[in-house]
Amino acid sequence: MDFGHAAIIVVAGVWAGTVNTIVGSGTLVTFPVLLALGYPPLTANVSNGLGLVPGSLTGAIGYRRELRGLRGRVARLGVASVLGGLTGAVLLLWLPPDAFDAVVPILVALAVVLVVIQPWVSRRMAARRPDGAPRTRVGPAVSAATYGTGVYGGYFGAAQGVLLLATLGLLIDDDLQRHNAVKNVLATLANLVSGIVFALVAPVSWPVVACVAGGSIVGGVIGSLVGRRLPPVVLRGVIVVVGVAALVQLLVR
């Protein structure tokens, strides 16, 4: 790897870390860059996934204020995310490369729709509950959805954050910024466990990992500083825009 390639990857890592912390879909920044630089798809995917973990961690730390009082929720959903990430990593190594190509755009499109209609759906569901109390309990549906997004994150990860925000917003009544904080932790766990699997058995380019990691750490800090200051309506708009962009890129790649 020469200096020019390293600089390009670091810059892409900064942008990916920023996008991941605010919304998700950072993989759609770094993965195409690595392919354009000549790295094989599997090597690019696993090296990118490993490199983005430190950025996700710094993003989660930046959202620590929003995580206060959510230790139980994070712990329960974290288990589901870890198991999902492990499953996704195994699927990536054993399934044909095109196995998820058909379903991934559908999942991303569904997530974007859910983000748009989530406030309306939540109001309708609250109106139908006898006591009108908010849904804060982590039930089987939330755990199952988190496991599913973990599988997707361990397999590829593009727009994993959009999927997480959509499911959390639909199934748990809470502030969108608090959902975003939980999303950052869950995505970190899924990517970390899948990264460990890849480090042991998959073709990893460690110089790429180092460059992406260095950039994503800076991006995670930037993303937490910017994302935490966005009003809910603006944040929801950013999520939809990024989700649509991710969908378009997935369809044309």
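Helices here are DSSP runs of H or I with at least four residues, numbered from the N terminus. The model is predicted, so that local features need pLDDT of at least 70 and side-chain atom pairs count only at pLDDT 80 or more, while totals for chains, interfaces and linings use all residues. Residues are numbered from 1 along each chain as its sequence is written, and side-chain values use heavy atoms, leaving out hydrogens and water.

In the loop between α3 (41-62) and α4 (71-94) sits R68, which is exposed (over 50% relative accessible area, with a 1.4 Å probe and protein chains only) because its relative accessible area is 61%. Together with R64, R65 and R229, R68 forms a positive surface patch, a patch being made of residues with over 30% relative accessible area and no salt bridge, like charges being joined within 9 Å and nonpolar side chains within 5 Å.

The loop between α3 and α4 also holds E66, whose partner R228 lies 162 residues away in the loop between α9 (206-227) and α10 (232-252).

Elsewhere, R73, D174 and R178 are linked in a network of salt bridges. D174 meets R73 at 3.0 Å, N to O, and R178 at 2.9 Å. R73 is buried because its relative accessible area is 7%, whereas D174, at 28%, is partly exposed, a term for values between the buried and exposed cut-offs.

Definitions and conventions
Areas by Shrake-Rupley, 256 points an atom, 1.4 Å probe, with all protein chains shown as cover. Salt bridge = Lys/Arg side-chain N within 4 Å of Asp/Glu carboxyl O. Lys, Arg positive; Asp, Glu negative; His and termini not counted. Charge placed at Lys NZ, Arg CZ, Asp CG, Glu CD. Helix = DSSP H or I, 4+ residues; strand = E, 2+ residues; numbered from the N terminus. Buried < 20%, exposed > 50% of the residue type's maximum accessible area, 1.4 Å probe, protein only.
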